[in-house]
Amino acid sequence: MPSHSFQPFRKHLERGGAGGVLRDRVEHLGGANHGDGEYVVYWAQSARRLRSNLALDYAIHRANEEELPVVVYESIRPDYPGANDRIHSFVLEGVAANHHDALKRGLRYLFFLPRTRDEARGGLKRLAQRARLVVTDEFPTSTLREQTRSFAASAPCPVVTVDGNGILPMRVFGKEQYMAKQLRDRAFRLFEERWGEIPELETKYQPYAGELDLPNYNGAHPRANAASCSIDHSVAPVPLHGGREEGLRRLDVFVRERLSGYAGLRNREAHRTSELSPYLHFGYLSAHEVARRALFSDAPAEDVDAFLEQLVIRRELSFNLCFYRDDYASLACLPDWAKKTLAGHADDRRHPVYSHAELERAETGDEVWNLAQRGLLSLGTIHNYLRMLWGKKIIEWSKTPEEAHAFMVAMHDKYAIDGRDPNTHAGILWCFGKHDRPWFERPIFGTIRYLASESTKKKVDLPAYARKIDALTS
Ligand SMILES: Cc1cc2nc3c(=O)[nH]c(=O)nc-3n(C[C@H](O)[C@H](O)[C@H](O)COP(=O)(O)OP(=O)(O)OC[C@H]3O[C@@H](n4cnc5c(N)ncnc54)[C@H](O)[C@@H]3O)c2cc1C
């Protein structure tokens, strides 16, 4: 068994949660005290699900303490940066399943769908006027952080955030972890005590039957409804569907059919990894439940461990980066060696240099790279291994590292259905040396690891990936 096997943690999950423990996950953001609120609101921002959701569990717990009902509020504004049909559709496709689940659980659920910026103004505030407390998700990217903080700054009731992102609370590390090894060593010492702390807090609660002063979108015709919003309609929805039901179905298929063999084949085959990143990003699935399914599967231990290395260690390293570094969306957070080596090669000749328009349209002289970009344009994700090559080549073909970085982030913001995630930023920064070590000196890159299209061709089954893109887009 490798020195960092996850298998021993099964026993904690078999015993069940420690119950009632949300150590290091809850933060009180202030807001006016409202003694006579009628309900507790759970505002689902990044965890768009009604199960395996620590923030919702906490809201229920607080509501029960106050002998109040819970209202679950979800929304999508038309004015988030770069709002488009692709992202809107993926979110709206999850609404019907949440309505259904709310009915089954006896929870009051409301989805507010403002079509315009004007309609969006003050939606949650109206609900919060009659709330005793608003509980919401803590997510470490700046857009959601600012949205939460700006609401809390003038909220008519107290606001609390809950970090339900990972197996370990982000705060448990106390500071940035610079490498996977550093985080892994720490995490494995903490799992023993902490992995069992994922309580389903309380199963009994009061439903809220009163009027709510907002229109309730029922989840019908998600793509047509996205098309009716004042957003960018030039980025089409992807051939994959959003929603918890779809996420659970995909998780089930992955665990039954593809987890065995994951360790050896994840970087090679077109359809070998879980492809769950969009479902994790929008919170249709929790990392806890995905990890649990993998741990209790029949797959060989080496495959389960390889998968959990990505889902837990690598993912939590990304969250750690965004949580502890305000400059996570820039090259300023690179290690000194990477900054120095890039600066030392700033004047190296770049050839060819492609314009952003050429890159965006997948019109380079490199067929492997074009394929990766075509994946992003049409599927909304890039093949697991090609992602690395995709980023490295943009560095090679851009005038400056800063320009390359800004372009990669912009492409993810616009097209990636799993973009705008801590993993997006950590993945892109990895191409510039973040969470990596120096390699061999070469032009443009200095000692930053380089990848060549030729070696990628040998490693990845590219014809199969091309067939997949064609099949899903034709
Ligand atoms: C340039 C570049 C851009 C990237 N952009 C994104 C992005 O926008 N969104 C995104 O979720 N990931 C991104 N990654 C990280 C990684 O490539 C993807 O998470 C992975 O390919 C998603 O596919 P999957 O769900 O099939 O992964 P699986 O191999 O099935 O892994 C399961 C889960 O583990 C997590 N994971 C896997 N690999 C990594 C990793 N290297 N770092 C952090 N977490 C990981 C993800 O949540 C993933 O869904 C990027 C990597 C690079 C190099």
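Ala362 is buried, with a relative accessible area of 12%, and in this predicted model the residue sits in the loop between H16 and H17, where its phi is near 60°, a positive value in a residue other than glycine. The protein around it is divided into domain 1 (1-205 + 215-231 + 242-324) and domain 2 (331-473), and the shell around the ligand draws at least three residues from each of the two.

**Ligand site**

- The ligand is surrounded by 24 residues, and the closest of them are Tyr262, Thr273, Ser274, Glu275 and Asn384.
- The protein buries 93% of the 820 Å² that the ligand exposes when taken alone.
- Glu275 takes part through its backbone, a polar atom of which is 2.6 Å from an oxygen atom of the ligand.
- By residue class, the shell around the ligand divides into eight nonpolar, 11 polar and five charged residues.
- At least two shell residues come from each of helix H12 (277-281), helix H14 (301-324), helix H18 (386-397) and helix H20 (422-430), and H14 supplies the largest share, with six residues.

**Domain arrangement**

- The centres of domain 1 and domain 2, taken over C-alpha atoms, are separated by 28 Å.
- Where the domains meet, 33 residues of domain 1 are in contact with 33 residues of domain 2.

- H20, which contributes to the ligand shell, is largely enclosed by the rest of the structure, because seven of its nine residues are buried.
- Those buried residues of H20 are Pro422, Thr424, His425, Ala426, Ile428, Leu429 and Trp430, and their cover includes H14, H18 and helix H19 (401-415).
- At the start of H20, a side-chain oxygen of Asp421 reaches to within 2.9 Å of the backbone nitrogen of Asn423.
- In helix H4 (residues 95-105), the buried residues are Val95, Ala97, Asn98, His99, Asp101, Ala102 and Arg105.
- The cover over the buried residues of H4 includes helix H2 (54-65), strand E3 (70-75), helix H3 (85-92), strand E4 (108-112) and helix H10 (244-258).
- Just after H4, Gly106 takes a positive phi of about 70°.

- His281 has its place in helix H12, and with a relative accessibility of 10% it counts as buried.
- The side chain of His281 reaches the backbone oxygen of Gly419 at 3.1 Å, and, leaving aside neighbours within four places in sequence, His281 is in contact with Ser46, Phe139, Ile417, Asp418, Gly419, Arg420 and Asp421.
- Gln177, found in the loop between strand E6 (159-162) and helix H8 (180-194), is buried with a relative accessible area of 2%.
- The side chain of Gln177 reaches the backbone oxygen of Lys175 at 3.2 Å, while its contacts, not counting residues up to four places away in sequence, are Gln182, Leu183, Arg186, Leu317, Asn320 and His435.
- Leu371 lies in helix H17 (residues 367-379) and counts as buried at 8% relative accessibility.
- Leaving aside neighbours within four places in sequence, Leu371 is in contact with Leu462, Tyr465, Ala466 and Ile469; the C-alpha atoms of Leu371 and Ala466 are separated by 6.9 Å although the two residues are 95 residues apart along the chain.

**Backbone geometry**

- Most residues other than glycine have a negative phi, and most peptide bonds are trans.
- Glu67 has a positive phi near 55° and is a residue other than glycine; Glu67 is found in the loop between H2 and E3, and with a relative accessible area of 64% it is exposed.
- A cis peptide bond, with omega of about -5°, joins His351 and Pro352, and Pro352 is found in the loop between helix H15 (336-344) and helix H16 (356-360).

Definitions and conventions. Residues are numbered from 1 along each chain as its sequence is written. This is a predicted model: local features need pLDDT of at least 70, side-chain atom pairs count only at pLDDT 80 or more; totals for chains, interfaces and linings use all residues. Side-chain values use heavy atoms; hydrogens and water are left out. A residue is near a molecule or strand if one of its heavy atoms lies within 4 Å of it. A polar contact is a pair of N or O atoms within 3.5 Å; within protein, one must be able to donate a hydrogen and the other to accept it, and residues adjacent in sequence count only if both atoms are side-chain atoms. Accessible areas come from the Shrake-Rupley method with a 1.4 Å probe; for residues, only the protein chains shown count as cover. Helices (H or I, at least four residues) and strands (E, at least two) are DSSP runs, numbered from the N terminus. Ala, Val, Leu, Ile, Met, Phe, Trp, Tyr, Cys and Pro count as nonpolar, Asp, Glu, Lys and Arg as charged, and the others, Gly among them, as polar. Domain bounds come from an automatic or database domain assignment. Buried means under 20% relative accessible area, exposed over 50%, partly exposed in between (1.4 Å probe, protein chains only). Contact means heavy atoms within 4.5 Å.
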